[in-house]
Structure formats: C-alpha cells, structure tokens
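Subject: Structure handover

Dear colleague,

Please find the structure below, together with its sequence. Notes on what was found in it follow.

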Amino acid sequence: TDDSVYVLALEGGHAIDRATGAGRWSVPMEDPAWFGFPVGRHVFSAEVGKRVAALDTESGETLWEVSSDPNRYPATYDGERLFFGTQQRSVLAVSVHDELMQAEELLYPGPGWSGQPTSSPVVDGGLMYMNADDGKLHAFDLKRPDKPLWDASRSPAPAVAKGKVFVTGRIPDP
C-alpha cells in the first residue's frame, strides 16, 4: 500500500513501514498459506487448514475470521470478494465489504466438481479461471458455478487482461 509492505515469512506475516523499513507489527502463524492482501483498512491472511482472517492494517489485530482450509495459492480479489482455493476441492468466495466485516461464504464450483485447485483463481468480468489437479484449466461463470464453461489442457496459472485469457497449452474451441 502507500504506507506499508506486507511480508509472508515462515513464522507468520509482517507489516513494514514503506518509508523507513521499520517493522510495524507481526502476526505469528503456524502454517501460513498467504498473507498481505490489502483491501481498504484491512489486510487478509490465511493459514493452511485453519482460517482466512481480516487484520487491521494499523495494528494487526484480527477483526474477523472464516474457519476454512485454504491452500497455498494466494487469493484473488474482484472488487467485492476474495476467492481462494481450499484443500477440500473447492474455491471459497468471501464477501469483504460488509460494514461489520461479516464474511459470506459461497462455495464454487457446485457439488458436481471434483478437481482440487492447483493455482490461484483468476476472476474477471464475472468469470473465474483456475487450474485443477485433473490436468485442466477450467472456466466458470460465477452466477452458475455448477458446471464449467470450458476447460483446456493444463497451463501455468492463467492470466487475464482486457477480457482475454492467456494460457499455454491447447486453446479451447469457441
């Protein structure tokens, strides 16, 4: 952010003053998955198999948490929700703009899904793209997550720019 750099280390997360390099606060974590996703006055963190938490950017105090089992891939933010893969073969979408920071948990994709996410979900224009352990890149409509729109052979984590998905491997049919 303009004021801070958020750093993930083996023992937890740290906020560092951007101008001086001085430590501002630290949060110990037993098994950090990702840390330092700032949204407004909150920074988000995750511990594998435990929780996703919203921390106060000034103090590091936990403001709320969602018990879950995040995997080690960083979250993606679409302006309203954080999306992150779990170890239970799903992607969790957590609404982060509630005045009281209450999280609304939504499971993506639907109950027929069987792949474990192997990349960060990428969200753009109401669509989500992610790799899974079935060897494919999948595209989902977030309004209808029960069935992939298309899939393609595995690639490194997808990238989206100006409405186009960039991948390596086979390009899906139109």
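Serine 120 touches Tyr73, Pro74, Thr76, Tyr129 and Met130, leaving aside residues up to four places away in sequence; contact here means heavy atoms within 4.5 Å. The side chain of serine 120 also reaches the backbone oxygen of proline 74 at 2.8 Å. A polar contact is a pair of N or O atoms within 3.5 Å; within protein, one must be able to donate a hydrogen and the other to accept it, and residues adjacent in sequence count only if both atoms are side-chain atoms. Serine 120 counts as buried because its relative accessibility is 17% (buried is under 20% relative accessible area, exposed over 50%, partly exposed in between, with a 1.4 Å probe and protein chains only).

The model is predicted: local features need pLDDT of at least 70 and side-chain atom pairs count only at pLDDT 80 or more, while totals for chains, interfaces and linings use all residues. Residues are numbered from 1 along each chain as its sequence is written, and side-chain values use heavy atoms, with hydrogens and water left out.

Serine 120 lies in the loop between strand E11 (105-108) and E12. Strands (E, at least two residues) and helices (H or I, at least four) are DSSP runs, numbered from the N terminus. E12 belongs to an open sheet of four strands with the order E12-E13-E14-E15 and antiparallel pairing; two strands pair if DSSP finds at least two bridges between them. The edge strands are E12 (122-124) and E15 (150-153), each pairing on one side only. On average, neighbouring strands of this sheet are turned by 20 degrees against each other, direction ignored (axes are lines fitted to C-alpha atoms, for helices over the stretch in contact, and angles run from 0 to 180 degrees between N-to-C directions). Three bridges join E12 to strand E13 (residues 127-131), and aspartate 124 stands opposite leucine 127 in E13.

Another open sheet has three strands in the order E1-E2-E3, with antiparallel pairing. Its edge strands are E1 (4-9) and E3 (23-28). Between strand E2 (residues 12-17) and E3 there are five bridges, with alanine 15 opposite tryptophan 25 in E3.

Lastly, the E9 and E10 hairpin. Strand E9 (residues 81-85) and E10 run antiparallel and are joined by five bridges; glycine 85 has valine 91 in E10 as its bridge partner. Five residues lie between the two strands, and arginine 89 in the turn has a positive phi of about 60 degrees. Strand E10 (residues 91-95) is largely enclosed by the rest of the structure, because four of its five residues are buried.

Regards
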